[in-house]
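Let's walk through a few side-chain contacts together, one question at a time. Take a look at the model first.

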Amino acid sequence: MAVLPIARMGAEVLKRRAAEVTDFADPTLATLVNDMMETMIDARGVGLAAPQVFRSQRLVMFFVPPSRNGGIAVPLTVMINPVITPLSDVKDEAFEACLSVPGLTGMVPRHTTIVYSFRDLAGAHHERPASGFHARVVQHECDHLDGVLYPQRMADMTSLAYADVLQAEADAAGKELELDEEG
Ligand code: NI
């Protein structure tokens, strides 16, 4: 296992559409997944997409801490060739952060409820509903496969900020601030 370098905004690999995974027997796929897990944990992220480690393949992973999902964790999920279907046009806004855009945070509208499908490492097909933070993380990670970073999804760029500045100002004002983990 190895901690891989993380691509930051500006890198070409973050701008292009990643390729479908077609060969599930490719032994380098499992190695990539293991290395991505180690990289995500090392960076304290809740999600990571293969283009973020300079591999332009449709592969992402994420998990949802129980504190973010009504006390119920969504365990670490590795998704290959994921597809998202919004269940309505309703969106809500929350702060997001990204390991490829370090230090910054911004308010991003995302579909509130979705269904997503994907293949696992063995090639088996899965389908799950998701809402709230769970739905948000999945949308954020899958955007990386289409060359989209969260600032491109922001409706109001005035909320783009350094997370430590927002936190310091909230602390000084005695306010609670809910910032998302990075993905
Ligand atoms: Ni990200």
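Q: Leaving aside its neighbours within four places in sequence, which residues is Leu 4 in contact with?
A: This is a predicted model, in which local features need pLDDT of at least 70 and side-chain atom pairs count only at pLDDT 80 or more, while totals for chains, interfaces and linings use all residues. Residues are numbered from 1 along each chain as its sequence is written, and side-chain values use heavy atoms, with hydrogens and water left out. Contact here means heavy atoms within 4.5 Å. By that rule, with neighbours within four places set aside, Leu 4 touches Leu 32, Asp 35, Met 36, Thr 39 and Val 53.

Q: How far apart are the C-alpha atoms of Leu 4 and Glu 38?
A: Leu 4 belongs to the segment before α1 (27–42); helices (H or I, at least four residues) and strands (E, at least two) are DSSP runs, numbered from the N terminus. Leu 4 and Glu 38 are 34 residues apart along the chain, and their C-alpha atoms are separated by 8.2 Å.

Q: Which residue meets Arg 58 in a salt bridge?
A: A salt bridge is a side-chain nitrogen of Lys or Arg within 4 Å of a carboxyl oxygen of Asp or Glu, and the count by this rule is 10 salt bridges. Arg 58 sits in the loop between β1 (47–49) and β2 (59–64) and its partner in the loop between α2 (132–143) and β8 (161–162), so the pair ties together parts 88 residues apart in sequence. With an N to O distance of 2.9 Å, the partner of Arg 58 is Asp 146.

Q: Is Arg 58 buried or exposed?
A: Buried means under 20% relative accessible area, exposed over 50%, and partly exposed in between (1.4 Å probe, protein chains only). Asp 146, at 38%, counts as partly exposed. Arg 58 has a relative accessibility of 5%, so Arg 58 counts as buried.

Q: Where does the salt-bridge partner of Asp 92 lie?
A: Asp 92 meets Arg 136 in a salt bridge at 3.2 Å, N to O. The two are 44 residues apart, with Asp 92 in strand β4 (residues 91–96) and Arg 136 in helix α2.

Q: Which residues do ring pairs link into a cluster?
A: Rings of Phe, Tyr and Trp (its six-membered ring) pair if their centres lie within 6.5 Å; planes under 30 degrees apart count as stacked, over 60 as edge-to-face and the rest as tilted. Phe 62 and Tyr 116 are edge-to-face, at 6.2 Å centre to centre and 70 degrees between the planes. The rings of Tyr 116 and Phe 118 have centres 6.0 Å apart and planes at 20 degrees, so that pair is stacked. The cluster is made up of Phe 62, Tyr 116 and Phe 118.

Q: What is the relative accessibility of Phe 62?
A: Phe 62 in strand β2 and Tyr 116 in strand β6 (residues 113–119) are 54 residues apart. Tyr 116 is buried, with a relative accessible area of 0%. Phe 62 also counts as buried, at 0%.
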